[in-house]
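Here is a protein with a ligand, for a first look. The questions below go through the ligand site and then the surface.

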Amino acid sequence: GKRAFIAGVADDNGYGWAIAKSLAAAGAEILVGTWVPALNIFESSLQRGKFDESRTLPDGSLMKITKVYPLDAVYDCPEDVPEDVKTNKRYAGSSNWTVKEVAECVKQDFGSIDILVHSLANGPEVGKPILETSRNGYLAAISASSYSFVSLLKYFAPIMNPGTFLFLRHLLYPFSSSFKNIVKLSLVLISGGATISLSFIASERIMPGYGGGMSTAKAALESDTRMLAFEAGRKHQIRVNSISAGPLKSRAAKAIGS
Ligand code: ZID
């Protein structure tokens, strides 16, 4: 079976949870990365059976989460963590939660993964129009919602199982009588590692209310998806995609008042 790491699961209301369930139903082993400040409540709710109803898979069994890793995707390695965060009591109780360390722990525990899901975003000023957004708020949105994906890919790609390239032969103008058939070759990456993130249409259209630099962050995420597909496809033989999500009443969505 496949092994999936889903970054951005802290309750049973969001996309990360739903994706984990679908993957579990399809037979995948589930590992999740949970934002450090939300870790205690998520783990205790899991243990107390609070999610058991929504953990039920189509065959009646409960989704098993093999391991929950604490994660803060705005920090790449321990040297990046400021002193006040290090000593914050919500953080001091956990360890190895920077992106690089989480990837190392997953490698130690399981060796490799097949699927990486980025289902996290944070924009502290999302409720503010972009004209009123501070530089810090804007950069924080990009750091948590866009660069977090670059960072996850950077550290997880080396432990993802590679796929293989296939040449596909297409016939252009197959029904034309006046032209000779033109054969086009394209290179397609099949099976092997796959990564995905969740975007939002505000990346390319005006969506009032999606402020604080979050529209910018989604535009960056989509642009990075193209570049990363190119780079990580060649370097690691893994696929990189992003889905533009529809509305879901998650915890994050409540922050944007939708
Ligand atoms: P969620 O709260 O379940 O997931 C976000 C997770 O990120 C939470 O678990 C946080 O703890 C975690 N997190 C935040 N900061 C960090 C950090 N520094 N390190 C680690 N974890 C962190 O909400 P969700 O399921 O809505 O969000 C998952 C993804 O879906 C995000 O990328 C969203 O931007 C994206 N998405 C969600 C929706 C939606 O409706 N829920 C839409 C589009 C994209 C959307 O906003 N019409 C109006 C709005 C929308 C669509 C259509």
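**Ligand site and surface**

Q: How confident is the predictor in the chain?
A: This is a predicted model, in which local features need pLDDT of at least 70, side-chain atom pairs count only at pLDDT 80 or more, and totals for chains, interfaces and linings use all residues. Residues are numbered from 1 along each chain as its sequence is written, and side-chain values use heavy atoms, with hydrogens and water left out. On pLDDT, the predictor's confidence in each residue from 0 to 100, 95% of the residues score at least 70 and the chain averages 94.

Q: How far is the polar side-chain atom of Lys 218 from an oxygen atom of the ligand?
A: Lys 218 is among the residues that come nearest to the ligand. A polar contact is a pair of N or O atoms within 3.5 Å. For Lys 218 and the ligand oxygen, the distance is 2.9 Å.

Q: Is Leu 185 buried or exposed?
A: Leu 185 lies in strand β6. Buried means under 20% relative accessible area, exposed over 50%, and partly exposed in between (1.4 Å probe, protein chains only). Because its relative accessibility is 53%, Leu 185 counts as exposed.

Key. Helix = DSSP H or I, 4+ residues; strand = E, 2+ residues; numbered from the N terminus. Near = heavy atom within 4 Å. Polar contact = N/O pair within 3.5 Å; in protein donor to acceptor, adjacent residues only side chain to side chain.
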